[in-house]
Structures are given as structure tokens and as C-alpha cells.
Amino acid sequence: MADHKLFQYYERQDILPTFADFKSHEQLKGYDAQRRELFSDKLMLPPGLFRGAELLEFGPDSGENAVVFAGWGASMTLAEPNRQAHPKIQAYFERFGLLPRLRELVLSDVEGFRSDRRFDIIDAEGFIYTIQPSEIWLRVLQRLLNPDGCAVISFYERNGAFYELALKAIHAAGKALTGRPTLESAKLLFEAKWDSIPHTRAFESWVMDVLENPFVRNRTFIYAGDLCGAASALGFDVHASWPSYRDTLDIYWHKKVYSDADKLRRSAKHLQRSRLSFLGGRKLYLVGQDETVEAIGAAIEHLMGDVDAMIDDPLGDSLARVISGLSTLRKLVAKAEIFADDPADVEAAVATLDSFLGIFRAIARRDAGELAALAQSDAAFINIWGQPNHFLVLRKRSELAPRAR
């Protein structure tokens with residue numbers, strides 16, 4: 001059965017993807033601290049801005065983020081299309097004494113949501129990228145936001161999601177080579193990797209939400225530069241992002257105002273040189289010639305297509321192309337001029353590409369034992385997650401604001 005929307009896939013699962021089952025104020029306090037760090041220091045939206053704000057959250061799932069926003073003082077309107085999540089949301093608001101701030105909980109997705117009200121803040125994390133093209137949901141945000149209001153989204157960025165996509169291809173190959181059930185095969189390959197990081201959800205939830213999710217695919221990933229261009233055309237400015245989509249090393253007179261076209265051009269150049277940073281999940285900024293930057297970008301693009309094809313046919317023709325593409329990218333990275341915090345970071349990036357080369361070569365040899373051994377012990381493989389999840393805050397332009405030309 002093919003699901004046309006992400007929430008339909010979730011409705012057929014036994015577990016909600018982000019349910020943390022907070023039972024105490026101490027548990028919620030710890031999660032609140034994480035969100036404060038994200039919103040204050042990275043997205044330039046400190047909790048004080050939420051006090052008294054009308055906030056619409058699309059896709060709150062079980063409601064962990066929603067109760068944090070309500071705790072910051074926002075009046076919450078929640079649009080959640082998965083009816084299985086509604087009792088969890090209601091229970092959270094009751095448990096933490098926040099029901100007066102739950103203005104409305106509706107059974108609706110982004111495209112189906114209707115309201116005569118306008119909102120100061122809209123939050124849509126973890127799913128919005130699956131609605132394609134992006135202009136569909138950008139128009140919804142534009143219609144529902146007050147002027148100068150902000151929309152907070154998270155999405156799978158194409159370059160940053162490379163290793164996430166590679167994990168799906170390895171997962172597909174593991175199932176094909178071992179013949180084991182999904183969860184058993186996933187634990188054989190990824191349990192050591194999963195256990196190496198702190199997390200608030202179960203391994204089974206991650207398998208469902210990422211490895212088995214039919215929407216975590218190259219066709220739904222968004223290149224940050226394309227999204228910035230589409231948002232600007234529909235009346236948005238970039239308020240903040242994580243990672244940064246602005247060249248933060250740029251220095252100019254504070255009264256100088258760049259035109260929208262100049263902002264896009266400068267961001268586009270910065271984003272092209274950030275492709276390897278996004279892919280590797282650390283500062284690996286390309287400072288060399290444009291030709292090298294373009295070659296690395298093209299190598300990543302080709303690899304994304306070939307790795308994605310492996311998910312459907314893990315032992316097919318694309319496997320050889322993946323091995324060749326990884327080898328090409330490894331050689332380009334080894335020779336590139338890269339600005340990093342430490343030369344060891346560049347060495348680690350090359351070692352990670354070597355690690356994945358070894359894993360895909362084991363798949364090509366149909367050696368399930370070697371594949372499992374590498375996945376369980378290779379430090380470079382275990383430590384890499386890339387930077388798949390990007391956050392972007394878009395601010396709706398005020399009609400009264402002067403625009404530079």
C-alpha cells in the first residue's frame with residue numbers, strides 16, 4: 001500500500017515517531033533546556049518572544065514541542081492529521097497544567113488547514129520537506145502568518161542527508177544478504193551506532209522513522225539554496241538558520257542594505273562552499289577554486305542518485321556506481337583546499353569516506369559477516385551522522401518595510 005502523505009505512513013505504525021512519554025516536570029525541564037538552546041542561540045528566537053504569541057504548529061505528533069511552547073507562554077493551535085497522536089497531546093497538556101493555553105487541536109494536515117485567524121509564529125518540524133514542491137507549503141505559511149511573523153521549519157537538506165541515505169541503502173543490503181526480519185537486521189548493523197549517541201526515543205522508532213520511512217528519499221530532500229530562492233520569491237526573508245546560510249565571516253558597514261537579489265547571490269555562493277560541511281556534519285568549508293567546489297558538488301549529486309537507487313535494488317547495477325562515486329569524492333576531498341577547525345577534521349572526513357567504501361565493497365562481495373563486523377566496530381562509521389536535519393526561520397516581509405533595489 002503506497003502512502004501519498006507522511007502522516008498516512010505514521011498512521012499505519014504501532015508507535016509515534018517522536019513520543020518521549022514525559023511523565024515528570026523534571027523530564028520536561030530537561031527537554032525544555034534543549035529547545036531553549038536551539039531557539040535562543042541558533043535560531044535567534046528566545047523564549048520571551050513566545051509570551052502571548054499566537055502559535056500554530058503543524059504536525060506536533062505526540063506534542064513534546066507543543067507543551068514547551070505553551071510553557072513559554074504561547075497560545076497554541078495544533079494541526080495534527082494523525083488521530084492516534086491526539087490523546088497523547090491532550091494528556092501532556094493536562095499533565096503539565098497547560099490546558100488553558102491549548103486554544104485548538106484539529107485533525108488536519110498543512111494543505112487542508114483552514115482558519116480566518118493569522119499567527120505570529122508557525123512551527124512545522126520534521127515532515128514539511130515531504131510536501132513537494134516547496135512552494136505549496138510556503139504559500140500556506142505566507143497566507144497564515146502576520147507581517148513580520150516567523151515560520152520555523154526543519155527539513156532534510158540534500159547534501160547533509162547523504163550519510164542518512166547511505167544508511168538506508170546499507171539497511172536494504174543487510175536485509176537482502178541476511179534474509180533477517182527488518183528489526184533484527186537493523187540491530188545487527190546499527191545498534192552500536194545508535195547506542196553511541198544520547199537519544200529520547202527507542203531504536204525501533206528510529207528504524208521506522210528513518211530506515212523504513214518511504215519519504216526519507218532523495219526525491220524529497222531539499223537543497224538549501226533552492227529553498228532560500230523559493231522563499232524569497234514568495235515574500236520571505238531568512239531570519240536565521242542552523243547551520244548558517246549566511247556567510248558569517250562577511251563584514252560591511254551596518255547601514256548598508258543588500259537587495260534581495262544580492263542576499264540570494266551571496267547566500268548561494270556560501271551554500272555551495274558549505275556542501276562538504278553539511279555532508280560531514282562539521283566545518284569543512286571549501287575555500288579553493290570554483291572548479292573544485294563545483295566538482296565536489298557534482299560528485300555528491302551523482303552519489304545521491306546512485307545511493308538512492310540502491311535502496312530499491314541493493315545488489316543491482318547502482319552498487320558499482322556508488323563504489324566508484326565514493327572513490328571519486330574521496331580523491332577530490334583529499335586534494336581540496338578546506339577551511340577546518342583542525343587538520344584532523346579533514347583527515348576524519350577522508351577516513352569516513354574510506355569506511356563507507358569498505359562497507360559498500362563488502363556488500364558487493366555479498367559478505368554479510370564482513371558487513372556486520374564493519375558496521376559494529378568501525379569508529380568512522382559509528383561516529384558519522386552528517387547534518388541531515390536543517391532548521392530555517394523565515395520571516396514574512398512587512399508590506400511597510402522598505403526594500404533595497
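Predicted model: local features only at pLDDT ≥ 70, side-chain atom pairs only at ≥ 80, totals over all residues.

Residues are numbered from 1 along each chain as its sequence is written, and side-chain values use heavy atoms, with hydrogens and water left out.

**Exercise 1.** Find the sense in which strands S2 and S3 pair.

*Solution.* Start with the elements: strands are DSSP runs of E with at least two residues, helices are runs of H or I with at least four, and both are numbered from the N terminus. Two strands pair if DSSP finds at least two bridges between them. S2 (residues 75–79) and S3 (residues 102–106) share four bridges, in the parallel sense. Within this pairing, Leu78 lies opposite Leu105 of S3.

**Exercise 2.** Search for disulfides, meaning pairs of cysteine sulfur atoms within 2.5 Å.

*Solution.* The search of the whole structure gives zero. For Cys150, the nearest cysteine sulfur belongs to Cys228, 14 Å away. Next, check burial, where buried means under 20% relative accessible area, exposed over 50% and partly exposed in between (1.4 Å probe, protein chains only). Cys150 is buried at 8%, and Cys228 is buried at 6%.

**Exercise 3.** Name the helices that each supply at least two residues to the lining of the largest cavity.

*Solution.* On a 1 Å grid over the protein atoms alone, a cavity is a set of points where a 1.4 Å probe fits but cannot get out, and lining residues have an atom within 4 Å of a point. The lining includes Tyr163, Leu276 and Leu353. The helices are H11 (275–280) and H14 (343–364).

Terms used:
1 Å grid on protein atoms, 1.4 Å probe; cavity = no way out; pocket = protein on both sides within 12 Å on 5 of 7 lines; lining within 4 Å.
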